[in-house]
There are 2 protein chains.
Amino acid sequence: MAYQSAFAALADPMRRSVFERLMDGPQPVGRIARGMPVSRPAVSQHLKVLKEAGLVTDRAEGTRRVYSIDPQGLAAVRRYLDQFWTEALDAFTAEVEKDEGERNA
Amino acid sequence: MAYQSAFAALADPMRRSVFERLMDGPQPVGRIARGMPVSRPAVSQHLKVLKEAGLVTDRAEGTRRVYSIDPQGLAAVRRYLDQFWTEALDAFTAEVEKDEGERNA
DNA sequence: GCTTACCGTAAGTGATGGCTTACCAAAGTG
DNA sequence: CACTTTGGTAAGCCATCACTTACGGTAAGC
């Protein structure tokens, strides 16, 4: 249902980096920002976008905010792609079979 | 391997519309553009981006160019997401179980 | 209470990107 | 050959966006 914002969120390379960092498990903003080529506020803004896209969740832990990956957004994108999968793949292989490898680009 | 450009390509709503139109099967540019709120050159530009992202392929048919969905780009995005799937989902459910529903957003 | 650490937000700026119109090339049709 | 159809490309414009610095607000430590 929110695959639209999820795509937009994952389109930016830096924001993907932020997202991928969370693969190592939940982390506070400061830790995520450390070692990144952009400022901490920039990371905060990226996290906000990711959160609105349902790709991450945050929880307060003292003065820190710990972010973790939210499977919800991932699931939305996955569903969107799967919607194409059979449909498009059928049409594609049908095309390929029709003119059996006379084209390759 | 080209999930990067695929995400960027699918981030734009209008470009997604172009892409989704191909679900009805391979179509020439003119047919795709007809009924769309943007000009035909705009559609051409979108198709170029989609092509470079490995999401569509084109073949010449007389003076027309017929575009179809290319599963290759879809597969790349799918693999990228799956890479998170287990990893992130494990971490997530682990977190959820740890503080068993005391937080909800 | 004061200071420090942590983080979100506001404002401003430079770059990216999607759109339009205009133009050009190629393939069919008389 | 002239004419039409089809579609890719160039140039220019305007909106969006990612980044920076500056600021404010809250929780912990002394």
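**View 1. The sheet of chain B is open and built from 3 strands in the order S1-S3-S2, with antiparallel pairing.** Its edge strands, each pairing on one side only, are S1 (27-28) and S2 (56-61). Everything here comes from a predicted model, where local features need pLDDT of at least 70, side-chain atom pairs count only at pLDDT 80 or more, and totals for chains, interfaces and linings use all residues. Residues are numbered from 1 along each chain as its sequence is written, chains are lettered from A and ligands numbered from 1 in the order in which they are written, and side-chain values use heavy atoms, with hydrogens and water left out.

View 2. Look for B:Glu61, whose bridge partner in S3(B) is B:Arg64, and for B:Asp58, which has B:Tyr67 as its partner in S3(B). The hairpin of S2(B) and S3(B) has 2 residues between the strands, and B:Gly62 takes a positive phi near 70° there. On to S1(B): 2 bridges join this strand to S3(B), and the two run antiparallel. B:Pro28 finds its bridge partner in B:Val66 of S3(B).

**View 3. Helices H2 (residues 13-21) and H4 (residues 40-52) of chain B pack at an angle of about 80°, with their axes 10 Å apart.** That makes H2(B) roughly perpendicular to H4(B), a label for angles of 65 to 115 degrees (under 35 counts as roughly parallel, over 145 as roughly antiparallel and the rest as oblique). The axes are lines fitted to C-alpha atoms, for helices over the stretch in contact, and angles run from 0 to 180 degrees between N-to-C directions. On the H2(B) side, B:Met14, B:Arg15, B:Val18 and B:Phe19 meet B:Val43, B:His46, B:Leu47, B:Val49 and B:Leu50 in H4(B). Contact means heavy atoms within 4.5 Å.

View 4. B:Arg15 counts as buried because its relative accessibility is 13%. Buried means under 20% relative accessible area, exposed over 50% and partly exposed in between, with a 1.4 Å probe and protein chains only. Leaving aside residues up to four places away in sequence, B:Arg15 touches B:Ala8, B:Ala9, B:His46, B:Val49 and B:Leu50. B:Gln45 is 30 residues from B:Arg15 in sequence, and the two are 9.2 Å apart in space, C-alpha to C-alpha.

**View 5. Turning to chain A, we find 5 helices and 3 strands.** Along the sequence they follow the pattern α-α-β-α-α-β-β-α. Of the 105 residues in chain A, 44% are buried. Among contacts in chain A with a separation of 6 or more, 51% come from residues 24 or more positions apart.

**View 6. Helix H4 (residues 40-52) of chain A has a buried side and an exposed face.** H4(A) has 13 residues and reaches 19 Å from its first C-alpha to its last, close to the 18 Å expected at 1.5 Å a residue; the expected span is 1.5 Å times one less than the number of residues. Its buried residues are A:Ala42, A:Val43, A:His46, A:Leu47 and A:Leu50. They sit on the same side of H4(A) because they cover an arc of only 140° around the axis, taken from the directions from the helix axis to the C-beta atoms. An α-helix has 3.6 residues a turn, so residues three or four places apart point the same way. The cover over these buried residues includes H1 (3-11), H2 (13-21), H3 (29-33), S2 (56-61) and S3 (64-69) of chain A. Turned away from the buried side are the exposed residues A:Gln45, A:Lys48 and A:Glu52. Just after H4(A), A:Gly54 takes a positive phi of about 75°.

**View 7. The sheet of chain A is open too, with 3 strands in the order S1-S3-S2 and antiparallel pairing.** S1 (27-28) and S2 are its edge strands, each pairing on one side only. S2(A) and S3(A) run antiparallel and are joined by 6 bridges, and A:Arg59 has A:Val66 as its bridge partner in S3(A). Between S2(A) and S3(A) lies a hairpin turn of 2 residues, where A:Gly62 has a positive phi of about 70°. S1(A) pairs with S3(A) in the antiparallel sense over 2 bridges, and A:Gln27 is the bridge partner of A:Tyr67 in S3(A).

Key:
Two strands pair if DSSP finds at least two bridges between them. Helices (H or I, at least four residues) and strands (E, at least two) are DSSP runs, numbered from the N terminus.
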